Amino acid sequence: MAAPHGNGIHTFRPQHRPGRRTLLRGIAALGALGAAGCTRVAAAGGSGGDLLDRLRAQGVVRLGIAGEIPFGYIDKDGRLTGEAPELAKAVFKRLGVDRVQPVPTEFGSLVPGLNSQQFDVVAAGMYVNADRCKQVIFADPDYQMLDSFIVRKGNPKGLHSYADVVAKKAKFATGTGYAEIQYAVEAGYRQSDILIVPDQVAGLNAVEAGRVDVFAGTALTTREVVRKSARAEATAPFAPLVGGKPHVDGGAFAFRPTETRLRDAFNAELRELKRTGELFRILRPFGFGKAEMTDLTAKELCGQ
């Protein structure tokens, strides 16, 4: 998720892809599911944590989900799907855990929710960055992602980078907790002037209504959300500058710092899925292409 995060920071998160109404229905459905799934788990103990053993015994793993297409959402048939949930199903089945259960929350509450044990793992396409690496431990990224803007049709202000946004004094918006906040600040945009909205749907609405000139998100998210818009479009993907150098984000599963054993077991299965090409087959239906496949590591992105 550019937050995905998107995120995400999120946050597409690409999910691939119901329309905006379906996304909103999905968030509501996730809320209903989460009401039954928010029982807190016992605190992890022992060297590296004992959560993997408990998950195998319970037969179910709780996934922290932000309700974002394409990273994790409920489809029009009421089924949990998206890049992260489908990958979680494959990996955890290989680890001896047959079921996944969504626990919905806002993207900005994923890390606090994980560390307060409201769920077992963050499965929301969350970007790996140094600040988050101080709070959680990440698996290696399962995808990499560039940024893109939502702008009005024809891109009247010619916005193709964060530097353009600053130079042309464009009204700028992005999502709650999105990495794009820091990219804009790095380019010289004043943080207090950024309009923060809940997600890419709200961002599209703000652009269409003329409240902002541009909304920043992940390339896959922006491309999906403008698909049916008559008044807005997505710009070509680009790499934001961090420290003056082009930066590529990577999205990954997050675990509590005590759960090194579970993280390492997850990584081992993820590497095998990458080696066989199964990872690409899982992610492809959600709009991910070969360009989004990656060998980046969490260590690299954490700056260690």
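This is a predicted model: local features need pLDDT of at least 70, side-chain atom pairs count only at pLDDT 80 or more; totals for chains, interfaces and linings use all residues.
Two strands count as paired when DSSP finds at least two bridges between them.

**View 1. The whole chain, before we zoom in.** The chain has 12 helices and 15 strands. Of its 304 residues, 57% count as buried.

**View 2. Strand β1 is mostly covered.** β1 takes in residues 60-65, and six of its six residues are buried. In a regular strand, side chains alternate between the two faces of the sheet. Here, Val60, Arg62 and Gly64 point one way, while Val61, Leu63 and Ile65 point the other way. Whichever way they point, all of these residues are buried, even Arg62.

View 3. How many bridges pair β1 with β4? There are six, and the two strands run in the parallel sense, with β4 covering residues 99-104. Two bridges are enough for a pair, because the cut-off is at least two. On this side, find Leu63 opposite Val121 in β5.

**View 4. Helix α8, mostly tucked away.** α8 spans residues 200-208, and eight of its nine residues are buried. Among them are Gln200, Val201, Ala202, Gly203 and Leu204. Ala206, Val207 and Glu208 are buried too. At the start of the helix, check out Asp199: one of its side-chain oxygens comes within 3.1 Å of the backbone nitrogen of Val201. Just after the helix, Gly210 takes a positive phi of about 80°.

**View 5. The disulfide between Cys133 and Cys302.** The sulfur atoms of Cys133 and Cys302 sit 1.9 Å apart. That pair counts as a disulfide because the cut-off is within 2.5 Å, and the count for this model comes to one. The link ties together distant parts of the chain, with the two cysteines 169 residues apart. Cys133 belongs to helix α5 (residues 130-133), and Cys302 belongs to helix α12 (residues 298-302).

View 6. Is the disulfide left-handed or right-handed? The torsion about the S-S bond is about -70°, so the disulfide is left-handed. Are the cysteines buried or exposed? Cys133 has a relative accessible area of 16%, so Cys133 is buried. Cys302 has 14% relative accessibility, so Cys302 counts as buried as well. The cut-off behind both calls is under 20%.

Key: Residues are numbered from 1 along each chain as its sequence is written. Side-chain values use heavy atoms; hydrogens and water are left out. Helices (H or I, at least four residues) and strands (E, at least two) are DSSP runs, numbered from the N terminus. Buried means under 20% relative accessible area, exposed over 50%, partly exposed in between (1.4 Å probe, protein chains only). A polar contact is a pair of N or O atoms within 3.5 Å; within protein, one must be able to donate a hydrogen and the other to accept it, and residues adjacent in sequence count only if both atoms are side-chain atoms.
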